[in-house]
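Subject: Structure handover, with notes on what was found

Dear colleague,

I am passing on the structure below for you to look over. My notes follow it, and I would be glad if you read them with the coordinates open.

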Amino acid sequence: MERSLLESGLDPDSLLLNKRPLSYYFFAHIEENLPLYRPLFTDPRGAVVLEAVRAATESMSYQLHQPLRKRAGSPWDEDRAGLTAAYLSGALLASARNWVLRGCPENSRVIAYWFSAMAAPGLLELMGISQ
């Protein structure tokens, strides 16, 4: 997935794809496929599928944030990088669950903006990268 995102115009320094954060595409996908996701978030049997989505998102986050870790130049070890990827993927999925269970009162662009506004500053600060 990383290669296809990079080939499609993902800026490795900002992690923006077509000038939008990756969370925009995540929430847009959920919005476009609500009939699939709503039962996953409400039926306990959906937990297995959601865990697979979370694990895949964690792996992508780890891979896609590598250019930022290199740019940071700080001692960004594997444990810290893994913890960060786990945090972001869990927060992304928890935010999506909350949004879907509330009936998606905001559109996906608004939720993606809120998510990025909450997550990006902390991530960049930890890496010692000024905005």
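In which helix does R38 lie? R38 belongs to helix 3, which covers residues 34-42. Please keep in mind throughout that this is a predicted model.

To begin with the overall picture, the protein contains seven helices and three strands, and its elements follow the order α-β-β-β-α-α-α-α-α-α when read from the N terminus. Of the 131 residues in the protein, 36% are buried, and among the contacts with a separation of 6 or more, 66% are between residues 24 or more positions apart.

Returning to helix 3, its packing partner to look at is helix 6 (residues 78-101), and the two pack at an angle of about 105° with their axes 10 Å apart. Helix 3 is therefore roughly perpendicular to helix 6, since angles of 65 to 115 degrees count as such. On the helix 3 side the contacts involve L34, R38, F41 and T42, which meet L93, A96, R97, V100 and L101 of helix 6. Within this set, R38 and V100 are 62 residues apart in sequence, yet their C-alpha atoms are 6.5 Å apart in space. R38 has a relative accessibility of 38% and so counts as partly exposed, because that class lies between the limits of 20% and 50%.

The next point concerns charged side chains, for which the count comes to four salt bridges. In helix 4 (residues 47-64), E51 and R54 are three residues apart, which means that about one helical turn separates them, and their side chains meet in a salt bridge with an N to O distance of 2.8 Å. R54 also forms a salt bridge with E58, where the closest N and O atoms are 2.3 Å apart; R54 and E58 are four residues apart in helix 4, so about one helical turn lies between them as well. As for accessibility, E51 counts as partly exposed at 40%, and E58 counts as partly exposed at 23%.

Another of the salt bridges joins R102 to E106, with the closest N and O atoms 2.9 Å apart. Here R102 is partly exposed, with a relative accessible area of 41%, whereas E106 is buried, with a relative accessible area of 17%.

Finally, helix 7 (residues 108-127) contains S116, and Y113 is found in helix 7 too. Is S116 buried or exposed? At 18% relative accessibility S116 counts as buried, because the limit for that class is under 20%. Apart from its neighbours within four places in sequence, S116 is in contact with P21, S23 and P121. Y113, on the other hand, is exposed, with a relative accessible area of 58%, and together with W114 and M118 it makes a nonpolar surface patch of about 410 Å².

How values were computed
Residues are numbered from 1 along each chain as its sequence is written. This is a predicted model: local features need pLDDT of at least 70, side-chain atom pairs count only at pLDDT 80 or more; totals for chains, interfaces and linings use all residues. Side-chain values use heavy atoms; hydrogens and water are left out. Buried means under 20% relative accessible area, exposed over 50%, partly exposed in between (1.4 Å probe, protein chains only). Contact means heavy atoms within 4.5 Å. Patches are made of residues with over 30% relative accessible area and no salt bridge: like charges are joined within 9 Å, nonpolar side chains (Val, Leu, Ile, Met, Phe, Trp, Tyr) within 5 Å. Accessible areas come from the Shrake-Rupley method with a 1.4 Å probe; for residues, only the protein chains shown count as cover. Axes are lines fitted to C-alpha atoms, for helices over the stretch in contact, and angles run from 0 to 180 degrees between N-to-C directions. Angles under 35 degrees count as roughly parallel, over 145 as roughly antiparallel, 65 to 115 as roughly perpendicular and the rest as oblique.
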